[in-house]
Amino acid sequence: MRKKAVHRGMPISLSIEPTTACNLGCPECPSGLKQFTRPTGKLDLDLHEKMLSDVRKSVFYINYYFQGEPFLHPQFLDLIRSAKRQKIYTATSTNAHFIDAEKAREIVKSGLDRLIISIDGLTQETYENYRIHGRLDKVISGTKHLIEAKKALKSKTPHLIFQFLAVKPNEHEIPAVFHLGKEMGVDEVRIKTAQLYDYKNGNELMPENETYARYKKNPDGTYSLKYKTGNHCWRMWSSSVLTWDGKVVPCCFDKDAQHVLGTLENASFEEIWNSASYRSFRNAVLTGRNEIDICQNCSEGAKVWA
């Protein structure tokens, strides 16, 4: 990355949003809380083909997740298969509530490379404290179906990751989730710190163990972000986010698409990537990142425990 707002190449990775719909009501998620100002919808297959056509020469990694639950898109695996035909590495994240034995086999056969499974609790009580309306037994059974399907089809993919979002109600279970992952046969376990929107005066979800928090307690009793966010961000030069309706936003922290840099309805991705609006946003990052709303609670540089 150079300290200039210009970019002479194209991104190597993207996030593409299959849908904004979600079956859960997680308290720190605008999708779960139904607090978006943008509409709920699902990615059209023809628009997806345009996306791939625009980026296939440079992009080798696509994360099919932004907001929402990907498997609520009825043709989600068609998206994966299309990307795999372009030899693109594919990943997604799921709450695993829609994975039965048949769906697990379809997932493995699709060629999906990596699948993050949000578990976030080892008892129903701790799980539903954050994953409101969720059922832990569905997460466990969906994971088992995937492991069995991989074995039956003799497939190394998708690489299965248990992701445990560390919050105060479940932090005591962190050691046990590593044991469960190993016992079940998932490929990896990760502990993720939680982004909290209201944190300055503390938050009931903030872990007591500051190791697992994005925030630190100050001498005056208030809290602030632990990580320094200087005037730089590698994502502005290497990746981008495409919403289900074809809008281009700078990164995954712009959950409500408040910083739309262009739309694929009337321009190619390359034109948007090199546009004046994109250059202006990059310049804002380089000259005053802490003044940008979506950058003020950013975890870039935060640690992931595995």
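How many of the residues of β5 are buried? Well, 7 of its 8 are, where buried means under 20% relative accessible area with a 1.4 Å probe, protein chains only. Strands here are DSSP runs of E, at least two residues, and helices are runs of H or I, at least four, numbered from the N terminus.

Quick housekeeping. This is a predicted model, so local features need pLDDT of at least 70 and side-chain atom pairs 80 or more, while totals for chains, interfaces and linings use all residues. Residues are numbered from 1 along each chain as its sequence is written, and side-chain values use heavy atoms, leaving out hydrogens and water.

Okay, the neighbours of β5. On one side, 5 bridges join β4 to β5, and the two run parallel; strands pair if DSSP finds at least two bridges between them. L115 stands opposite L160 in β5. Then 6 bridges join β5 to β6, residues 188-193, also parallel, with F164 partnered by I191 in β6.

Last stop: S118, in strand β4. Is S118 buried or exposed? It counts as buried, because its relative accessibility is 6%. S118 touches V139 and Q163, among others, where contact means heavy atoms within 4.5 Å.

Terms used: Buried means under 20% relative accessible area, exposed over 50%, partly exposed in between (1.4 Å probe, protein chains only). Lists of a residue's contacts leave out its neighbours within four places in sequence.
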